[in-house]
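Please have the structure open while I talk.

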Amino acid sequence: MLSNAVVPFQLDDAACRWVVDTQGSLSLDLKLRQLLHVLCRDLSQTSLDSVVAQGVGGIHRLLSRPAEQLRSSAQYLQRRANIPLLLSGDLELSERFSMRTALPNQMGIAAAGGEAAALAGKIAASEGRALGFNWSFGPSLDLDINPANPVVNTRSFGNDVARVSQCATDWIVATQQRGMAAAGKHFPGDGVDHRDQHFVWSCNSLGLAQWRGSYGAVFKTAIDSGLMSIMASHITFDAYEAETGRMSSGLPASLNHALITDLLRGELGFEGVVISDSLSMAGFACLGDLSETIPASIAAGCDMLLFPDDVDATVAILKQAIEDGRLSMVRVDAAVGRVLEMKAALGLHKAADSDAGEDAEVSYAQDAADIVANSITLVRDDQAMIPLSAVTHRRILLLMPKLRESGSGPLPQLAVRQLLEAEGFEVHQHEPGMPLRIEDYDAAIYAIGDEAGSAKPSLSMPWSSLHGAFPDSMVRLWRKLPTAIISFGTPYYLHDAPECLTLINAYSPIIASQAAAVKVLLGRVPARGISPVAVTYRPLHQIIAALGSG
């Protein structure tokens with residue numbers, strides 16, 4: 001897999017001079033602040049004044065904020081920053097409430113096939129630029145190998161190496177053509193372990209040959225497409241050190257010199273910015289005192305640190321590490337240079353306060369509708385329940401969890417009931433724990449919108465939230481009623497309900513996916529999606545054995 005490095009920052013003479021002059025003008029304190037990327041939840045003027053005064057290299061804002069607030073805060077920050085800021089967002093997420101155009105998550109995009117990934121990258125980047133973002137923390141380059149992993153799943157393009165590589169490349173190229181840096185994550189690759197690095201460091205347990213033929217191939221393809229940045233995760237990859245004769249450190253990539261400097265930069269040829277995953281994650285914080293782990297992350301090869309809790313304290317820690325020799329100025333200057341080069345490659349040295357994106361009023365509604373329509377996947381309909389008719393099956397028993405939540409709080413309830421009622425069905429939404437009179441209904445529909453994300457211990461079928469606490473959670477309806485499961489999230493409910501004869505995967509809970517899934521259920525349109533993962537049950541060791549061997 002060795003090859004010449006691909007340099008992602010093609011700078012003209014003026015940009016090169018700006019990088020050199022800017023870096024030369026910075027004190028040690030200001031250099032170290034350029035290596036910090038902070039989270040700004042509060043977009044009030046007082047908060048913005050405070051964060052811009054810290055002189056950090058970049059700021060992350062949440063897409064749950066109103067669009068105008070995001071747009072105006074970006075302009076406010078850039079006009080007051082002495083050095084233009086990298087302004088990041090998680091633009092690959094499906095429920096991005098500030099964006100004008102709703103898109104499926106990565107798995108839904110992969111299911112749609114064709115030009116879906118390129119279109120989605122174009123839409124997300126164009127609309128993100130109009131809100132002042134210039135750095136997309138995506139796409140995920142992870143492979144959804146372990147169905148029990150709750151944090152990869154729908155955030156990935158699936159587990160087929162060729163499909164994931166193509167989707168990732170299409171997204172990256174479309175994103176970066178519009179002046180938005182992409183960040184591939186989560187190196188060396190999530191999705192093998194069942195654990196979530198938000199709570200504990202996790203492990204990529206593949207052998208080196210298997211990794212090179214799978215994750216390594218995906219990351220290499222992304223790098224060769226010109227990927228500007230990569231996020232180093234709190235995930236270990238012990239096989240690299242063991243099989244290349246290095247002394248094993250047992251450390252995750254965010255702290256591992258061998259994984260970043262030797263594997264990522266040396267073997268894969270990556271020359272862009274490496275940013276750590278969040279320092280507030282337990283997968284990082286549990287590994288040692290911050291006075292040790294913060295400078296170790298920079299020394300290992302990370303150019304930026306994501307979400308330090310205290311900027312001044314972090315700078316003080318880094319200064320102390322330089323003074324006592326744990327962190328070299330050569331390494332610091334290399335990291336600062338890369339950060340400034342990426343800013344120049346994005347043109348921030350020329351027009352940092354401009355969104356520089358396409359017209360904010362351009363409509364991508366039809367493109368998004370095409371992606372959604374092509375993503376809906378009919379896993380099975382062995383009872384010929386489709387097309388479902390309000391004439392023959394008017395009385396519908398609908399089972400949905402009463403609450404939808406992400407790691408950051410509540411989410412909007414699904415609109416499946418309203419969509420069915422608009423088609424003439426009489427819909428009764430079951431109250432968990434209440435008695436069921438099966439004879440009162442003609443058909444049952446389970447509708448669950450549970451995507452992958454942080455703070456989710458499991459994406460298994462939420463029986464207690466659907467039927468009620470034990471023993472009600474053991475109730476199964478399909479032997480007594482025609483029953484369908486529609487998943488607006490994880491594609492794996494066939495693992496939990498193998499006897500249910502009708503299953504539709506819609507991948508995302510956005511309203512367009514809900515409406516498209518109902519149309520498929522009613523037989524109005526065919527299901528065109530091709531599943532990005534195998535949804536029939538296979539033991540994990542069989543999935544791993546099927547991976548490429550390099």
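Trp 135 has 0% relative accessibility, so Trp 135 counts as buried, where buried means under 20% relative accessible area with a 1.4 Å probe and protein chains only. A word on the basis: this is a predicted model, in which local features need pLDDT of at least 70, side-chain atom pairs count only at pLDDT 80 or more, and totals for chains, interfaces and linings use all residues. Residues are numbered from 1 along each chain as its sequence is written, and side-chain values use heavy atoms, with hydrogens and water left out.

Phe 137 is also buried, because its relative accessibility is 2%. Rings of Phe, Tyr and Trp (its six-membered ring) pair if their centres lie within 6.5 Å; planes under 30 degrees apart are stacked, over 60 edge-to-face, and the rest tilted. That rule gives 7 aromatic pairs. Trp 135 and Phe 137 form an edge-to-face pair, because their ring centres are 5.0 Å apart and their planes stand at 80°. Elsewhere, ring pairs join Phe 187, Trp 211, Phe 219 and Phe 237 in a cluster.

Next, charges over rings, which require NZ of Lys or CZ of Arg within 6 Å of the ring centre and within 35 degrees of the ring normal. Arg 80 places its charged end over the ring of Tyr 76, 3.5 Å from the centre. Arg 195 lies over the face of Trp 201, 5.3 Å from the ring centre.

Last, the pocket. Which kinds of residue make up the lining of the second largest pocket? The lining has 7 nonpolar, 6 polar and 4 charged residues, with Ala, Val, Leu, Ile, Met, Phe, Trp, Tyr, Cys and Pro as nonpolar, Asp, Glu, Lys and Arg as charged, and the others, Gly among them, as polar.

Conventions: Buried < 20%, exposed > 50% of the residue type's maximum accessible area, 1.4 Å probe, protein only.
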